[in-house]
Amino acid sequence: MKELYIGILRETKNPPERRTPLPPASAALLMRKYPFVHLVIQPSEIRAFSNQEYEAVGVLLQEDLQECDFLLGVREPAPNTLLANKSYFFFSHTAKKQEANKQLLRKCIEKKITLHDYEFLYDRDGRRIVSMGYWAGIVGCYNAFRAVGEKYGTFELKPASQCNSVSDLYAALASVYLPKSYKIVMTGGGKVSQAVIDVFQNIGIEKITPQHFLKYRGLEAVFTQLDPWHYSQQKSGEAFDLDHYFRCPSAFESKFAEYGNNADMLITAHYWPAGGPRLLEPADFASGEFSLQIIADISCDLNGPLPSTLRVSTIESPFYGFHKTDAVEVAPFSENAVTVMAIDNLPAEMPRAASEDLGKSLVDVFFPIFLGSSSVRLIENSIICSNGVLSERFGYLQSWLDS
């Protein structure tokens, strides 16, 4: 096997991104498993792991990555830092035509870069290889309870970014005190939702069925978990078909309003198919029956299923208000407003833990596939563009790029 040089990028995303795809322990393990692999990392003063920690395990600290065969990052690099004719791996956030990253994709095409997006790396069983979803769920749920404390003034949680570890975060959650009969509805069934459930269980919030939830009048705090068939239905009146929902989402309509009228908090942890039915409309917020007070939109789809997600919020300023009748942004805890949390980089609040999880996925699953000879197709599926053109799978982005 010929020598392979892999570069680890310094993150250039602003606000500052402290995560890394390969923490020092993962880097050391990778080089032990594959002696022909050499790692080079750009120095960084904000990375969650110090330059010295990498040098201690034999990773070369070097600004210039021109000689590397592949380059790994976490978030989107600044377009002016991209090296021509290289292969990059990072979360590009371009597949859903995110406007902020249009210039990035144009630059990748112009420089004939092969852009691999972690989001589209799957194993042979169709499971995602690389995901930060679990940590998005942990931090997103934590922030939802932080909003409860601020709204009612009954307890105070420090920002998740100030928690030194997961155990520290759970220790902070011990102070959570919810009003009587507090009802939480969450959407989704993947890693994000499992993390949210883990937080609920740690606090001691009971799970009940969606049917029971709508009728629940007890004194204890409860939550329910909704799948697409709970909050969507076919316009034709036919029985719900999940495959049809993802293939033809426009054939469906929302029936979520009954939950919005029977819950205090909504936490989204679902995948929303573009063109699918919106969970809520502005008129639902304005109705006298609407009861939601806090929406933690972990999914954070702009122009998506929730009109209240007006913009992405930040780690430094996580909350804003959505006025129920005027449908405009107001202060976070204003009268007649829903408090919204819509941070799109939640795992960055716990950079060491999230990086360690990402590094484990790469070393345990990705690299055995990437460095194997029989799994080329699995890697090819993640290519957004190469040699100056979009891949066939992502050809639909061309009209967006040209606009």
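Analyst: N336 counts as partly exposed, at 35% relative accessibility (buried means under 20% relative accessible area, exposed over 50%, partly exposed in between, with a 1.4 Å probe and protein chains only). The model is predicted, so local features need pLDDT of at least 70 and side-chain atom pairs count only at pLDDT 80 or more, while totals for chains, interfaces and linings use all residues. Residues are numbered from 1 along each chain as its sequence is written, and side-chain values use heavy atoms, with hydrogens and water left out.

N336 is not a glycine, yet its phi is positive, at about 60°. The residue sits in the loop between β15 (329-330) and β16 (337-341); helices (H or I, at least four residues) and strands (E, at least two) are DSSP runs, numbered from the N terminus. K112, also a residue other than glycine, has a positive phi near 55°. Its place is the loop between α3 (102-110) and β6 (114-117), and K112 is partly exposed at 48% relative accessibility. Most residues other than glycine have a negative phi.

Turning to side-chain pairs, the whole structure contains 13 salt bridges (a side-chain nitrogen of Lys or Arg within 4 Å of a carboxyl oxygen of Asp or Glu). One of them joins E76 and K13, at 3.3 Å from N to O. E76 lies in the loop between β4 (70-72) and β5 (87-90), and K13 in the loop between β1 (4-8) and α1 (24-33), so the pair ties together parts that are 63 residues apart in sequence. E76 is buried, with a relative accessible area of 5%, whereas K13 is partly exposed at 24%. R75 belongs with K13 and E76 to a network of salt bridges.

Another pair is R352 with E53, whose closest N and O atoms are 3.7 Å apart. R352 is partly exposed at 37%, as is E53 at 30%. E281 and R278 also form a salt bridge, with a closest N to O distance of 2.9 Å; E281 is partly exposed at 36% and R278 at 29%.

On a 1 Å grid over the protein atoms alone, a cavity is a set of points where a 1.4 Å probe fits but cannot get out, and a pocket is an open set with protein on both sides within 12 Å along at least five of seven lines; lining residues have an atom within 4 Å of a point. The largest cavity holds about 30 Å³ of space, a volume being the space filled by probe spheres set on grid points joined across faces, edges and corners.

Helix α12 (residues 351-370) likewise returns, giving the largest share of the lining of the second largest pocket, three residues. That pocket has a volume of about 340 Å³. Of its 18 lining residues, R18, S161, A348, E349 and P351 lie nearest its centre.
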